[in-house]
Amino acid sequence: MTMKLLAAAVLGTALVSPAAFAADAHWAYEGHSGAAHWAELDKAFETCRSGRSQSPVNITTGDAEASTLQRIKFNYAATVAEVVNNGHTIQIDLPKAGSARIDDVEYKLVQMHFHTPSEMTIDGHAYPLVAHLVHRDAGGRLAVVAVLFAEGRENATLKPVFANLPAREGEARALESPFDVTGLLPDDQAYYALMGSLTTPPCSEDVRWRILKTPVELAPAQVAAFRKLYTINARPVQPLNGRKVHASQ
């Protein structure tokens, strides 16, 4: 799937108009088309430079404001799933995976994808991998739940995904068994919260971020399988510009 189609599928027209991707500008994480140059590649990517609420950020735990935030109500369900190599990451399309209720708003889970190292950092520390669970509400607004991974035991939920990753851009593979994202969630679901942006072009803002504090485990071999395809696919951290990070209990 091209990034033009990916953006249309995930974002709809609420945040990005299809015309904005007419140039289908090539972007990457390093070199002349890397993150430092995204805004130069296409006028549709200008927010990558001019935006004041960009993601990812470094979360300083001592500065995070303790808040009486509501628990995220995860209502995920097992669903058929397709694993796609979209040229920038491995993405799992989840057509009927349920939803999450965040701040009394229901967000449908649309897809999830991975970055190495983790894009959000905690006290300057990056985890080996992160999964971004992308949700959209009825009005087209986005919420992303980030699940951090630390190296440890094999992750059983991701085993069927990482055992046979599609190696070529555009390649897609349907999973043989239903996939349930619930298995990726830590028992302790406390989180950090802030408003931010997409971490890839066009860097659209007004994205509601929830970063789960407790990492889950992933075997070193599973991390290596991903890094064989994508050695690094993480945008550098961006300035907070006065934004507050809130911490749930």
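A polar contact is a pair of N or O atoms within 3.5 Å; within protein, one must be able to donate a hydrogen and the other to accept it, and residues adjacent in sequence count only if both atoms are side-chain atoms. The side chains of His115 and Glu119 make such a contact, at 3.4 Å.

This is a predicted model, where local features need pLDDT of at least 70, side-chain atom pairs count only at pLDDT 80 or more, and totals for chains, interfaces and linings use all residues. Residues are numbered from 1 along each chain as its sequence is written, and side-chain values use heavy atoms, with hydrogens and water left out.

**Around His115**

His115 lies in strand S7, residues 105–115. Helices (H or I, at least four residues) and strands (E, at least two) are DSSP runs, numbered from the N terminus. His115 is buried, at 1% relative accessibility. Buried means under 20% relative accessible area, exposed over 50%, and partly exposed in between (1.4 Å probe, protein chains only).

Then comes a cis peptide bond, from Thr116 to Pro117, with omega about -10°. Pro117 sits in the loop between S7 and strand S8 (121–122). Another cis bond runs from Ser55 to Pro56, with omega near 5°. Pro56 is in the loop between helix H3 (47–50) and strand S1 (58–59).

The table sets them out.

**Aromatic rings**

The structure holds eight aromatic pairs. Rings of Phe, Tyr and Trp (its six-membered ring) pair if their centres lie within 6.5 Å; planes under 30 degrees apart count as stacked, over 60 as edge-to-face and the rest as tilted. Take Trp27 and Tyr29. Their ring centres are 5.5 Å apart and their planes stand at 75°, so this pair is edge-to-face. Trp27 is buried, at 3% relative accessible area. Tyr29 is buried too, at 14%.

Trp27 also pairs with Trp38, again edge-to-face, at 5.3 Å centre to centre and 75° between the planes. This pair links distant parts of the chain, eleven residues apart. Trp27 is in the loop between helix H1 (3–15) and helix H2 (38–41), while Trp38 is in H2. Both Trp27 and Trp38 are buried.

Elsewhere, Phe114, Phe162, Phe226 and Tyr230 form one aromatic cluster. Tyr192 has a charge over its face: Lys213 lies there, 5.2 Å from the ring centre. The test asks for NZ of Lys or CZ of Arg within 6 Å of the ring centre and within 35 degrees of the ring normal.

**A pocket**

Rolling a probe the size of a water molecule over the atoms shows where empty space is left. The second largest pocket holds about 200 Å³ of space. On a 1 Å grid over the protein atoms alone, a pocket is an open set of points where a 1.4 Å probe fits, with protein on both sides within 12 Å along at least five of seven lines; lining residues have an atom within 4 Å of a point.

The lining has 14 residues, and Arg153, Asn155, Gly183, Val216 and Glu217 lie nearest the centre. By type, the lining has six nonpolar, four polar and four charged residues. Ala, Val, Leu, Ile, Met, Phe, Trp, Tyr, Cys and Pro count as nonpolar, Asp, Glu, Lys and Arg as charged, and the others, Gly among them, as polar.

Terms used
Points joined across faces, edges and corners; volume = space filled by probe spheres on them.
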